[in-house]
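Hello,

Here is the structure I promised to pass on. Please open it first, then read my notes below.

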Amino acid sequence: MKIAQVYLSLVALRPAFSLFYTRELSLKIFRNSIWFVVLCMSPLCHAQQTWRALDSENTLVIDTTKGRLIIELRPEMAPKAVERVKLLAREKVYDGLQFHRVIAHFVAQTGNPDNKDNGKSAHPNLAPEMTFKHQSKATVAWAIKSSDTVSGFIGSVPFQSLPFSAEQQTSLAWGAHCAGAMAMGRDKPLDSANSEFYFVLDAARDMDHEYTVVGRVVVGMDALKALKLGEPPASPDFMRTVRLLSELPAAERPKVSVMAGKALSTLIEKVRRKKGADFSICDISVPAKID
């Protein structure tokens, strides 16, 4: 609908305002309505609906020997694990640590103070957070809705869950191990995650339910895939610094946004039509941009 058409509709409704409000208040409501319509049909409003700025308090910036990674953390999926990652970043525990296990098309592992598997930070191990309670309304965009499972995005992070219903709007969910997912490493005990984490290089859905997903890489997958391979590599790449976006100096802080709203839903639908019956949540990488 064009702005002129909306304006005429509001003009027609204006007498109704006076039935419930004083003349001055009804005029103010009318004027505010006009401004709201003009703004929300403008390019600025469209841009805000298309792109969502990342929360700087829950965005991790990792500068590696192969380039920069920017990760969106989602505390609603794993609050304790996300808080641990942020704590260790602030304590600079991660600075200088190696990618001590990098397997092509599988994972790139780091975050171990001993630069090898099974090391720990000075903090206690974490309770398991492989699954979480998810409310339907918290989903940014849906990818699949079927009678036995649903999947979609919490921010830029893919998840899967048991189906919702009109009566049941909260369900058991888990992070999907799609390319770019960031998850906590652990030993065999489920409550042994501590500081170590890994990035998924290609979809590894058999790891769902088994490990705690905390976020997803939105910028830097090319850097991840350029890491030297090995268990450990002969000459490992490493993380130079690991910082929260909010704690970077203002002059150095990138403005990072990810696709959202109708634009994201349209992208999902386009890919779903192309893939047909083979479509998976992991076929979608949420686009990001840096202003």
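**Starting point: G67**

G67 sits in strand β3. Keep in mind that this is a predicted model. Is G67 buried, exposed or partly exposed? Its relative accessibility is 26%. Buried would need a value under 20%, and exposed a value over 50%. G67 therefore counts as partly exposed.

What does G67 touch, once residues up to four places away in sequence are set aside? The partners are I62 and A223. Now look for R240. It lies 173 residues from G67 along the chain, yet the two C-alpha atoms are 9.7 Å apart.

**The whole chain**

The chain has 291 residues, and 45% of them are buried. Its secondary structure comes to six helices and 16 strands. Take the contacts between residues at least 6 apart in sequence: 68% of these join residues at least 24 apart. The accessible surface is about 15000 Å². Carbon and sulfur atoms account for 56% of that surface.

**The cores**

In soluble globular proteins, nonpolar side chains tend to be buried together.

In this model, the largest nonpolar core holds 31 residues. Which of them touch the most other members? They are L60, I62, I71, M182 and F199. Several elements give two or more residues to this core, including β2 (59-64), β3 (67-73), β12 (197-200) and β14 (239-244). Helix α4 (79-90) is also among them. The largest share comes from α4, with five residues.

I71 is then in contact with N58, T59, L60, I62, M182, F199, G215, R216 and V217.

There is also a second, separate core, with 19 residues. Among them are L54, A141, F153 and L264.

**The disulfide**

How many disulfides are there? The count is one. It joins C178 to C282, with an S to S distance of 2.0 Å. The angle about the S-S bond is -80 degrees, and the link is left-handed. The pair links distant parts of the chain, 104 residues apart. C178 is in the loop between β10 (170-175) and β11 (181-184). C282 is in the loop between α6 (261-275) and β16 (288-290). Both cysteines, C178 and C282, are buried.

Best wishes

Notes
Residues are numbered from 1 along each chain as its sequence is written. This is a predicted model: local features need pLDDT of at least 70, side-chain atom pairs count only at pLDDT 80 or more; totals for chains, interfaces and linings use all residues. Side-chain values use heavy atoms; hydrogens and water are left out. A disulfide is a pair of cysteine sulfur atoms within 2.5 Å. Helices (H or I, at least four residues) and strands (E, at least two) are DSSP runs, numbered from the N terminus. Buried means under 20% relative accessible area, exposed over 50%, partly exposed in between (1.4 Å probe, protein chains only). A nonpolar core is a set of buried Ala, Val, Leu, Ile, Met, Phe, Trp, Tyr and Cys residues joined through side-chain atoms within 4.5 Å. Contact means heavy atoms within 4.5 Å. Accessible areas come from the Shrake-Rupley method with a 1.4 Å probe; for residues, only the protein chains shown count as cover.
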